[in-house]
Amino acid sequence: MLTLECPYCGVKAEETELQAGGEAHLKRYGPGASDEEFEGYLFMRKNPKGVHFERWRHAYGCGKWFLAARCTATLEVFGTYPAQSTQPPVDLQAKIKAKRPNWEGYK
Amino acid sequence: MAMRRYSAFAIAKEAMSYHLGWERAWGSPAPKKKYDVIIVGAGGHGLATAYYLGKNYGITNVAIIEKGWLGGGNTGRNTTIIRSNYLQDPSAAIYEKARSLYETMSQDLNYNVMFSPRGLLMLGQTEHEVRGYKRTVYANNLQGVATEWISPAKVKELVPIINIDGPRYPVLGALYQARGGTARHDAVAWGYARACSGMGMDVIQQCEVTGVRTEGGKVVGVDTTKGAIDCDKLGMVVAGHASVLAEQAGFRLPIESLALQAMVSEPIKPCMDVVVMANTVHGYMSQSDKGEMVIGGGTDGFNNYTQRGSFHHIEETVRALIETFPMISRLKQLRQWGGIVDMTGDRSPILSKTPVEGIFVNCGWGTGGFKAIPGSGWAMAELMARGQSPLTEEFSMYRFREGKFIDESVAAGVAH
């Protein structure tokens with residue numbers, strides 16, 4: 001069972017307390033964007049077999065959205081961080097790199 | 001390798017020599033240097049594609065390469081349900097093509113796939129669902145797909161073990177497809193593999209693609225764990241790993257991979273001879289020929305490549321089904337497993353050309369690929385051989401950019 005620590009209330013929440021929200025750090029496009037950019041924003045989700053950054057909501061806890069770094073091939077959780085981050089924290093990226101030397105890094 | 005015909009006569013003849021003369025059903029060749037067509041993925045869809053390339057278009061210099069073992073992915077992990085009661089016209093066309101091909105598959109392949117058109121019900125358990133399914137019935141009648149809306153009394157007659165009175169979700173009727181049903185999933189993969197092998201194609205197992213080679217925007221071959229293999233055309237038919245393979249070829253797909261689980265109970269005496277899907281409460285059930293109740297539910301909510309899902313989804317599925325089928329509450333579950341399904345934004349598949357010339361992709365069947373295997377193979381073979389197919393036209397990977405969705409996510413409920 002997946003357990004994520006909510007960075008706001010500090011509760012180590014298990015899966016039934018949480019709601020998955022899909023890929024994190026989406027770049028939003030609107031009027032004026034090209035068809036390709038808008039398609040990418042709406043449908044082209046990253047789907048890596050390995051390190052993945054996601055949005056989660058502590059739905060049956062404090063109710064807040066947060067972000068998590070997780071491995072989709074092993075279900076290992078690398079860490080969680082506040083939803084206000086525009087990219088994964090540097091120390092978290094370093095931690096992932098140490099555990100997954102072949103990881104290409106956050107793109 | 002030449003295919004020896006299976007028949008009652010062949011069994012009688014073999015009985016004379018203690019059944020020692022049976023040959024392997026398909027060969028295990030080493031890869032050749034070059035093929036006209038390489039299909040990546042020896043599951044149902046990949047093998048069916050290869051089969052119809054040979055049968056309909058005479059293209060037999062084909063290799064089907066498989067990372068694991070034949071039919072070991074979602075082909076061997078589904079709940080074997082076959083139906084074609086979809087809302088949208090392009091879906092109904094390809095799923096009904098598949099269902100009709102299932103009718104004669106055992107004869108066509110000379111391999112018993114145990115197709116059992118036992119009838120399939122999708123229960124209406126809320127007013128909204130009733131309205132939605134009636135709409136589907138009307139659409140199906142226009143599409144030439146035989147379905148009907150039946151009353152709760154008729155549901156009870158077809159499924160004596162069902163509790164139609166609720167209390168929370170009473171059965172208000174059902175969408176009934178009399179020629180829907182099940183088939184033996186492993187046999188579908190084995191039958192196609194044997195037929196492909198019989199046409200001189202190479203089914204190469206334990207051979208993982210590690211890279212896709214292109215020259216000037218055109219595919220020239222693949223790198224594998226058994227060496228480099230050249231090809232003129234490449235078909236990617238790998239379900240849950242579609243994104244991984246597409247990335248190797250340098251393009252992206254609108255796909256997310258999720259875990260979907262299923263389970264079977266201990267075998268019990270025959271008690272239900274139809275397939276029942278209860279989409280409001282996320283569960284579907286049928287009884288296998290061995291007597292096991294085959295149960296499936298919904299997907300997990302997050303990206304996952306591990307072929308195992310979360311326990312609470314099983315709990316939800318079983319909890320829901322017990323309300324509708326009280327007699328299963330004491331059943332022990334025998335096995336549980338997961339598969340990785342490839343979900344698209346509109347919950348419809350992708351059968352398409354790609355940005356790389358010579359590469360074709362068949363994926364995105366999500367939670368409902370098994371029922372589509374022969375139709376998908378038929379259409380994909382036409383697409384690869386002729387460059388277009390009326391069945392795949394609407395299923396292009398570019399439909400998301402154009403906003404031309406084939407929206408089955410609402411129409412088909414949870415369980416495809």
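How many residues of chain A are in contact with how many residues of chain B? The count is 18 residues of chain A and 19 residues of chain B. Two residues are in contact if their C-beta atoms, placed from the backbone, lie within 7 Å.

## The model and its confidence

This is a predicted model, in which local features need pLDDT of at least 70, side-chain atom pairs count only at pLDDT 80 or more, and totals for chains, interfaces and linings use all residues. Residues are numbered from 1 along each chain as its sequence is written, while chains are lettered from A and ligands numbered from 1 in the order in which they are written.

The predictor gives the complex an ipTM of 0.93 and a pTM of 0.94. Its confidence in each residue is pLDDT, on a scale from 0 to 100. Chain B has an average pLDDT of 93, and 98% of the residues score at least 70. Residues 412–416 of chain B stay under 50. For that stretch the model has 15 contacts beyond four places in sequence.

## Where chain A touches chain B

Start with the side of chain A that touches chain B. Helix 1 (35–42) and strand 4 (51–57) of chain A each supply at least two of its residues. Helix 1 of chain A gives the largest share, three residues. Helices (H or I, at least four residues) and strands (E, at least two) are DSSP runs, numbered from the N terminus.

By class, this side of chain A has seven nonpolar, four polar and seven charged residues. Ala, Val, Leu, Ile, Met, Phe, Trp, Tyr, Cys and Pro count as nonpolar; Asp, Glu, Lys and Arg count as charged; the others, Gly among them, count as polar.

A:Glu37 is found in helix 1 of chain A. A residue is buried if 20 or more other C-beta atoms lie within 10 Å of its own, exposed if 12 or fewer, and partly exposed in between, with C-beta atoms placed from the backbone. A:Glu37 and A:Arg55 are 18 residues apart along the chain, and their C-alpha atoms are separated by 21 Å.

## Two domains in chain B

Chain B is assigned domain 1 (27–111 + 184–254 + 346–402) and domain 2 (120–180 + 257–343). Such bounds come from an automatic or database domain assignment. The C-alpha centres of the two domains of chain B lie 28 Å apart.

Across their boundary, 26 residues of domain 1 of chain B are in contact with 28 residues of domain 2 of chain B. On the domain 1 side, strand 3 (81–82), helix 3 (89–103) and helix 8 (242–249) of chain B give two or more residues each. Helix 3 of chain B supplies the largest share, four residues. This side of domain 1 divides into eight nonpolar, 12 polar and six charged residues.

## Helix 5 of chain B

Helix 5 of chain B (residues 127–143) has 17 residues, which at 1.5 Å a residue should span 24 Å. Its end C-alpha atoms are 24 Å apart, which agrees. The expected span is 1.5 Å times one less than the number of residues.

Which residues of helix 5 of chain B are buried? They are B:Glu129, B:Tyr133, B:Thr136, B:Asn140 and B:Gln143. Seen down the axis of helix 5 of chain B, they fall within an arc of 75°, so they line one face of the helix. The arc is that of the directions from the helix axis to the C-beta atoms. An α-helix has 3.6 residues a turn, so residues three or four places apart point the same way.

The buried residues of helix 5 of chain B pack against helix 3, strand 4 (120–123), strand 5 (148–150) and strand 6 (174–177) of chain B. On the other side of helix 5, B:Glu127, B:Arg131, B:Asn141 and B:Leu142 are exposed. Just after this helix, B:Gly144 takes a positive phi of about 85°.

## Helix 9 of chain B

In helix 9 of chain B (residues 311–324), 14 residues should span 20 Å at 1.5 Å a residue; the end C-alpha atoms are 21 Å apart, which agrees. Its buried residues are B:His313, B:Thr317, B:Ala320, B:Leu321 and B:Thr324. They fall within an arc of 95° seen down the axis, so they line one face of helix 9 of chain B.

Conventions. pLDDT is the predictor's confidence in each residue, from 0 to 100.
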